[in-house]
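Please read the points below alongside the sequence and the model.

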Amino acid sequence: MQIDAVAQGSEARRDTLRRAFRGSGNTFPIVARESPAEDAPLLGYAILEYSFFDNGFMPLVYVAPEYRRCGVARQLIAFLENLCQRPKLFSSTNLSNAPMHALFARLGYSACGMVTALDEADPEVFYVKRVKP
Ligand SMILES: CC(C)(COP(=O)(O)OP(=O)(O)OC[C@H]1O[C@@H](n2cnc3c(N)ncnc32)[C@H](O)[C@@H]1OP(=O)(O)O)[C@@H](O)C(=O)NCCC(=O)NCCS
């Protein structure tokens, strides 16, 4: 929440993060820090769940603005791809989110569908990558 500008203005996002980071059997949140020290600055976070028709799903990936384009998201996602216990890992982003589309393309994800009913002004584009044989 410290680094996520959306969380600072959205109770719904704060609630999502509280639930994810509280931990449950099926939600795996990770954070990246500048160094292994517990009080080292936070660089970003990502979350893995198995909520999407029993497949891997990354509902959120977020990198603090001052640490973007340094490979933090690439490393967070690579860690979750490794952790994912299902063959397919899905994720999604708004159609307008050019950095996230570029990131998915760079990491070998394929666009696999679009849902227009979530945010009618900015549809949600889904991506998938096969992470296990
Ligand atoms: C999208 C986001 C997660 C990318 O994080 P990041 O740590 O900056 O990404 P990386 O440095 O790992 O980028 C890896 C590759 O993705 C692509 N990429 C990432 N950001 C990009 C941008 N702004 N423009 C173009 N390509 C981009 C590039 O190919 C990049 O490789 P390169 O830097 O060698 O060219 C970050 O911008 C962010 O947190 N945005 C706000 C939150 C958000 O929109 N999350 C997604 C929806 S949940």
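**Notes on the predicted model**

1. From the N terminus on, the order of elements in the protein is α-α-β-β-β-β-α-β-α-β-β, which comes to four helices and seven strands. Helices (H or I, at least four residues) and strands (E, at least two) are DSSP runs, numbered from the N terminus. The model is a predicted one: local features need pLDDT of at least 70, side-chain atom pairs count only at pLDDT 80 or more, and totals for chains, interfaces and linings use all residues. Residues are numbered from 1 along each chain as its sequence is written.

2. Along the principal axes, the C-alpha atoms fill a box of roughly 40 × 35 × 30 Å.

3. Buried residues account for 23% of the 133 residues. A residue is buried if 20 or more other C-beta atoms lie within 10 Å of its own, exposed if 12 or fewer, and partly exposed in between, with C-beta atoms placed from the backbone.

4. The shell around the ligand holds 18 residues, of which Arg-68, Ala-73, Arg-74, Pro-99 and Ala-102 come nearest. Strand 4 (61-63), helix 3 (72-83) and helix 4 (98-106) are the elements that each give two or more residues to this shell. Helix 4 gives the most, with five residues.

5. Ser-10 lies in the loop between helix 1 (5-9) and helix 2 (11-22). Ser-10 counts as partly exposed because 13 other C-beta atoms are within 10 Å. The C-alpha atoms of Ser-10 and Phe-104 are separated by 25 Å, the two residues being 94 apart along the chain. Helix 2 is followed by Gly-23, with a positive phi near 90 degrees.

6. Most residues other than glycine have a negative phi. Asp-54, in the loop between strand 2 (42-52) and strand 3 (55-58), has a positive phi near 70 degrees. Asp-54 is exposed, because it has 9 C-beta neighbours inside 10 Å. Arg-69 also has a positive phi, near 65 degrees, and is found in the loop between strand 4 and helix 3. With 8 C-beta neighbours inside 10 Å, Arg-69 counts as exposed.

Notes:
Near = placed C-beta within 6 Å.
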